[in-house]
Amino acid sequence: MSAKVAIVDYGMGNLYSVLRACEHVGIPAEITNDPAAVKAAPAVILPGVGAFEDAMKELDARKLTAPLKDAPASGRPFFGICLGLQLMMEKSFEFGTWDGLGLVKGTVTRFEAPVGEEGEKLKVPQVGWNTIHRPGGEASRWKGSLLEDLPDASRMYFVHSYYVRPTDAGVVASTSRYGQIDFCSSVRVDNLFGCQWHPERSGTEGLQMYRNFARAIENGTGNKNG
Amino acid sequence: MALNTRLVPRLDIKGPNLVKGIRLEGLRVLGKPERFAAYYYEQGADELLFVDIVASLYGRNSLLDIIERVSKQVFVPLTVAGGIRSLDDIRSVLRAGADKVALNTAAVARPELVKEASKRFGSSTIVVSIEVIKRGEKYEVYTDNGRERTNLDALEWAKKVTELGAGEILLTSVDREGTGEGFDLELTRLVSESVPIPVIACGGAGKVEHLVSAVVQGKAQAVACASILHYNFVRQFPSDADIAPEINTAHIKAGAGYGRIQDTTLADIRKSMLQSGVRCLHRAREAS
């Protein structure tokens, strides 16, 4: 059994900054496209940037879909980042309708003509720093998750045109606001966690998430303290 | 304002050194780029932009070692520009630890590269750098650090690269670059209003107010600046071998700055932006 955390390489986007963040907090990790390595790894990180349809095709072509769909049942910590979060959902409406991995019930949808507080047109993609908030402001909400020890309104770096809409509001780990759109910026289901932002590019707060992930791996669960 | 405006320190690199010129020429060595990068990260920079200032001239890219060292200590997005010509070049820059690459000369030579690169690496990874010189009433695109004319109109080119899949535009006014005279606000606004993707304004920041204007009047989503930050940093370290080792920087350290440049800090820039109603996130990072 591989002792290294699998950073899943399916040809979409830059995985090296994810690897650097893992190294920085002491997570032994490797970039891999080997389904057997993904299946055997103590934990899985699914990063990625790019188009949803291409991503699913690339995962299929590398026979990575099955080991990833196995994630919830395996109980191993699973961390989806950016496009990786979107792939965790059931369906995306990016240029058509596409099936995702279906790890979390819900869909992926585009920022449609977002406008700011003064009615001005906003850019799509959203590129830059935004804050993340506990749904309903409950202080206990992040306890035991990858967001533990982070203050409400922590700042994270986002690059995206699409966002996820989980069916069950209970899985929403954080919300963020773009113009007048409140959107789900991270989800948490048992051993699964996914965030729309790039924690490896979000400074100290982002690195804290990787530290929490390291602890979750030690505990053998997807979220800190089980 | 819509989204938090990004402040992007720009680090021009020549060989192992951070340099700064005027209108992309007349370079002076300011020190080791790693030191400046780490400092700006601690001071809460939103991103860092590295420009290999001689790469397209000599066909080499000495930036990779620097990027690799920086990416191990700096956890905000790193963009690399200069001399990137092919998908292989992009791959090696990302492998070194960069998050985005900016294409200029190669994109003008073969626009399809923008399409191929954004498909392969994702639009958000591909920035197109547009360097502009105003000729009469026309804004014309230049390549090779402002040396070669292209006859392309800046607005048309911005729209074209957006269609090809660029994720952002790094817009540099060569006329203003390094002069401290302020951004070309008209150029910035025209380009920003022409495309749906974010525009990073670059070239001309000489004082804090210029950066605020680039957002308020220029409608930029991000602002890049170099001299006004570098000179402030250099002034703080009068006897550090890593910083400004090769030139006589007495005039900078004495507070004279360079010409029109009134040096400042990221914290002061943010303060001014917030006072002017420009949204930006404000916090220095703790060492991690």
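Q: What makes the crossing of α1(B) and α3(B) right-handed or left-handed?
A: In this predicted model, α1(B) and α3(B) cross in the right-handed sense. The label is right-handed because the near helix is turned clockwise from the far one, by less than a right angle. Helix α1 covers residues 33-42 of chain B and helix α3 covers residues 64-71 of chain B; they pack at an angle of about 35 degrees, and their axes are 10 Å apart.

Q: How do you know which residues of α1(B) and α3(B) meet?
A: The test is whether C-beta atoms, placed from the backbone, lie within 7 Å. On the α1(B) side B:Pro33, B:Glu34 and B:Ala37 take part, and they meet B:Ile66, B:Arg69 and B:Val70 in α3(B). Sorted by class, this contact has 4 nonpolar, no polar and 2 charged residues.

Q: Happy with that one. What about α7(B) and α8(B): at what angle do they pack?
A: The angle is about 35 degrees, with the axes 9 Å apart. Their crossing is right-handed. From α7(B) come B:Ala154, B:Leu155, B:Ala158 and B:Lys159, which meet B:Leu187, B:Leu190, B:Val191 and B:Ser194 in α8(B). By class that gives 6 nonpolar, 1 polar and 1 charged residues.

Q: Why are the buried residues of α8(B) said to be on the same side?
A: Start with the list: in α8 (residues 185-194) of chain B, the buried residues are B:Leu185, B:Leu187, B:Thr188, B:Val191 and B:Ser192. They cover an arc of only 160 degrees around the axis, so they sit on the same side of α8(B). A handy reminder is that an α-helix has 3.6 residues a turn, so residues three or four places apart point the same way.

Q: What covers those buried residues of α8(B)?
A: The cover includes β7 (126-135), β8 (138-143), α7 (154-164), β10 (168-173), β11 (199-202) and α9 (208-216) of chain B. For chain B as a whole, 57% of the 288 residues count as buried, and the secondary structure comes to 12 helices and 12 strands.

Q: Over to chain A. Why is α1(A) called roughly perpendicular to α7(A)?
A: Helix α1 (residues 16-25) and helix α7 (residues 203-219) of chain A pack at about 65 degrees, their axes 9 Å apart. That angle makes α1(A) roughly perpendicular to α7(A), because the roughly perpendicular range is 65 to 115 degrees. The crossing of α1(A) past α7(A) is right-handed. A:Ala21, A:Cys22, A:His24 and A:Val25 in α1(A) meet A:Leu207, A:Tyr210, A:Arg211 and A:Ala214 in α7(A).

Q: Why does A:Ala153 count as exposed?
A: A:Ala153 has 12 C-beta neighbours inside 10 Å, so it counts as exposed; the cut-off is 12 or fewer. Its place is the loop between β8 and β9 of chain A.

Q: And why is A:Asp190 called partly exposed?
A: A:Asp190 has 15 C-beta neighbours inside 10 Å, so it counts as partly exposed. Buried would take 20 or more, and exposed 12 or fewer. A:Asp190 is in the loop between β12 (181-189) and β13 (192-195) of chain A.

Q: What makes the phi of A:Ala153 and of A:Asp190 worth a remark?
A: Most residues other than glycine have a negative phi. A:Ala153 is not a glycine, but has a positive phi of about 65 degrees. A:Asp190, also not a glycine, has a positive phi of about 50 degrees.

Q: What kind of peptide bond joins A:Val124 and A:Pro125?
A: A cis one, with omega of about 5 degrees. Most peptide bonds are trans. A:Pro125 lies in the loop between β7 and β8 of chain A.

Q: Why is A:Ala113 called exposed?
A: A:Ala113 has 10 C-beta neighbours inside 10 Å, so it counts as exposed, the cut-off being 12 or fewer. A:Ala113 is in the loop between β7 (104-110) and β8 of chain A.

Q: Lastly, how many residues are in contact between chain A and chain B?
A: 30 residues of chain A are in contact with 29 residues of chain B. On the side of chain A that touches chain B, β8(A) gives the most, with 5 residues.

How values were computed. Residues are numbered from 1 along each chain as its sequence is written. Chains are lettered from A and ligands numbered from 1 in the order in which they are written. This is a predicted model: local features need pLDDT of at least 70, side-chain atom pairs count only at pLDDT 80 or more; totals for chains, interfaces and linings use all residues. Axes are lines fitted to C-alpha atoms, for helices over the stretch in contact, and angles run from 0 to 180 degrees between N-to-C directions. Helices (H or I, at least four residues) and strands (E, at least two) are DSSP runs, numbered from the N terminus. Angles under 35 degrees count as roughly parallel, over 145 as roughly antiparallel, 65 to 115 as roughly perpendicular and the rest as oblique. Two residues are in contact if their C-beta atoms, placed from the backbone, lie within 7 Å. Ala, Val, Leu, Ile, Met, Phe, Trp, Tyr, Cys and Pro count as nonpolar, Asp, Glu, Lys and Arg as charged, and the others, Gly among them, as polar. The arc is that of the directions from the helix axis to the C-beta atoms.
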